[in-house]
Amino acid sequence: MAQHRHRLREMEALRALVTTGTTIGAARRLGVSQSSISRALGQLEQRVGRDLFLRSSGRIEPSAAALRLNAQLDPLFETLALIEGAEWASADEEPLRLIVPPTLAHNFVISRVAAFLKQNPGKNLQLDIQATDVLVSGILDLHYDLGLTSAMIQRSGVTLVPWLRSPVVCAMPTGHPFEEKDTITPSDLEGVELIEFLRRLGTRAITEQIFARAGVRPRTVAETATNMAALELVREGLGVTLLNPFPVLTGGMPGISVRPFDAPITYNTSFVLPSGRQPSELARQFMDYVKVSTPPDDYSEFV
């Protein structure tokens, strides 16, 4: 029985970290020490026999494997909540079931959710934080009412409502020679140390085509799956990277400089809805709030 309790604590620590984005936040959420969270996550990694978290400069971020495991735990924790008599929605109005990827959640959406609920007392919103593939399948299965993502989705059964358009940028460590340039071109990257994204991600094939057409070969020094991981590697001086500036760079990042990259790569941040279904009134209200409460920045424009 004790062994099962230990396993449950590990799973609770995983979900708390995914939800809050930091070990400090996870510790506060569960009412335990930060060291207890770190120890539980380490024990979980040892139990499953693989690394589940990306650790850099004192930060810890769930990997794609951790997000998949978290999604598989949903039925277990939903059942526990029912046993404990948790009430997920008021009798008067169904909650808005919102799902977003971690980068958008922790760098943009959570603050919007908090402000929206403060302006609309009595409204109920359930925020889930999952990888984009889980987001799409959840919208398809009607487990969620609304999603928000910057990923390149091509899937029938979901409707994308474009909202924000962001051209690709080149991020470099402060003091890099590229800081002297106003714009970075593909030819500038010949032989330059480059942090790329994994091949399963949509933009990798696009950047490789651009390099091939320009006849240049950057020197790939690392590959990763998330913008935050790529930027941490850049800040460590490993190289430069090409990425979507929204939302992680809209307020700037210490140790990182940014320049436009001269290439036809544009990221669309879109609301995601189930096809053939009208969004609920609460979903429309939240979408409108996000649109009107987001000021323009140097890297993006509204669709």
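This is a predicted model: local features need pLDDT of at least 70, side-chain atom pairs count only at pLDDT 80 or more; totals for chains, interfaces and linings use all residues.

Biologist: How many helices and strands does the protein chain have?

Modeller: The secondary structure of the protein chain includes both kinds of element. The count comes to ten helices and 13 strands.

Biologist: Why is the protein chain said to be as compact as a globular protein of that length?
Modeller: For 303 residues, the globule rule gives 19 Å. The radius of gyration of the protein chain is close to that value, so the chain is as compact as a globular protein of that length. The radius of gyration itself is 20 Å.

Biologist: Which residues touch the most other members of the largest nonpolar core?
Modeller: In soluble globular proteins, nonpolar side chains tend to be buried together. Here the largest nonpolar core has 46 residues. Among the contacts of one of them, Leu-14, are Leu-41, Phe-53 and Leu-73. The residues that touch the most other members of this core are Leu-14 and Phe-286.

Biologist: How many residues does the second, separate core have?
Modeller: This second core includes Val-168, Ile-184, Phe-261 and Ile-265. Its number of residues is 17.

Biologist: How far apart are the mean positions of the positive and negative charges?
Modeller: The protein chain has 30 positive and 33 negative charges. The distance between their mean positions is 4 Å.

How values were computed:
Residues are numbered from 1 along each chain as its sequence is written. Side-chain values use heavy atoms; hydrogens and water are left out. Helices (H or I, at least four residues) and strands (E, at least two) are DSSP runs, numbered from the N terminus. The radius of gyration is taken over C-alpha atoms; the globule rule is 2.2 Å times the number of residues to the power 0.38. Lys and Arg count as positive and Asp and Glu as negative; His and the chain ends are not counted. The place of a charge is taken as NZ of Lys, CZ of Arg, CG of Asp or CD of Glu. A nonpolar core is a set of buried Ala, Val, Leu, Ile, Met, Phe, Trp, Tyr and Cys residues joined through side-chain atoms within 4.5 Å. Buried means under 20% relative accessible area, exposed over 50%, partly exposed in between (1.4 Å probe, protein chains only). Contact means heavy atoms within 4.5 Å. Lists of a residue's contacts leave out its neighbours within four places in sequence.
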